[in-house]
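User: I have a structure open and would like to learn how to read it. Could you walk me through some features, starting with salt bridges?

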Amino acid sequence: MAEQAQYEELVRQFSAFGAVKREMGRTLPSDCPAGSAAVLTLLARHGEMRMSRLAELLAVDMSVTSRHVAHVAERGWIERSPDPADRRSRILHLTPAGEDRVLEMSRRTTQLLAERLGDWSDDEVAQLTRLMARLRASFDDCRTPAITQ
């Protein structure tokens, strides 16, 4: 187990990571703020879903999710179809224009990372990817409710 000082340094690094996220956010098209980009990315990754599932994946409440969905729907990037299992619910899915928008955002962020990490070796990039995935998985485990007996 790491020492306290290592965890404190990790906290400092996480705080500084905000600058990386902001710069990546600046690569987004002006008509696609971060919340809208997250909606499109999640639909591209997970496929069609109900708004409640999207809110869960975004980790925000339904009113925030609804605003993001309205924004991307107004631009024709997603469609809302009636859910055959429950006509009161809607299923969200990407349109071809939405798929194009996701590809454009991916191209922009990939280009930025390639520029900024150009002096990193392939092994270093792979190691960072593995460690970030492992870190994220550690926090996903924390959201699982504890079983009490």
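Analyst: Happy to! A salt bridge here is a side-chain nitrogen of Lys or Arg within 4 Å of a carboxyl oxygen of Asp or Glu. Keep in mind that this is a predicted model. E9 and R12 make such a pair, with their closest N and O atoms 3.0 Å apart.

User: Why are E9 and R12 separated by about one helical turn?

Analyst: Because they are three residues apart in helix α1, which covers residues 4-26. As for solvent, E9 is partly exposed at 33% relative accessibility, and R12 is partly exposed too, at 48%.

User: How many salt bridges does the structure hold?

Analyst: Nine. One of them joins R116 and E23, whose closest N and O atoms lie 2.1 Å apart. This pair links distant parts of the chain, since R116 sits in helix α5 and E23 in helix α1, 93 residues apart. R116 is partly exposed at 47% relative accessibility, and E23 is partly exposed at 25%.

User: Is D86 buried or exposed, given its relative accessible area?

Analyst: D86 has 18%, so D86 is buried. Its salt-bridge partner is R88, with the closest N and O atoms 3.1 Å apart. R88, at 76%, counts as exposed. Salt bridges can also form a network, as they do among E104, R107 and R108.

User: Let's turn to strands. Which strands pair with β3?

Analyst: Strand β1 (residues 49-50) pairs with β3 (residues 86-94) in the antiparallel sense, over two bridges. In that pairing, M49 has L92 as its bridge partner. Strand β2 (residues 78-83) also runs antiparallel to β3, and six bridges join them. There, I78 stands opposite L94. A hairpin of two residues connects β2 to β3.

User: And how should I think about the nonpolar core?

Analyst: In soluble globular proteins, nonpolar side chains tend to be buried together. In this model, the largest nonpolar core has 20 residues, and those touching the most other members are L40, L43, L54, I78, L92 and M105. Helices α2 (34-46), α3 (51-58), α4 (62-74) and α5 (96-116), along with strand β3, each supply at least two core residues. The most come from α2, which gives five.

User: What does L92 touch, leaving out residues up to four places away in sequence?

Analyst: Its contacts are L43, E48, M49, M51, L54, V69, I78, E79 and R80.

Technical notes:
Residues numbered from 1 in each chain as written. Predicted model: local features only at pLDDT ≥ 70, side-chain atom pairs only at ≥ 80, totals over all residues. Heavy atoms only, no water. Pairing = 2+ DSSP bridges. Helix = DSSP H or I, 4+ residues; strand = E, 2+ residues; numbered from the N terminus. Core = buried A, V, L, I, M, F, W, Y, C linked by side-chain atoms within 4.5 Å. Buried < 20%, exposed > 50% of the residue type's maximum accessible area, 1.4 Å probe, protein only. Contact = heavy atoms within 4.5 Å.
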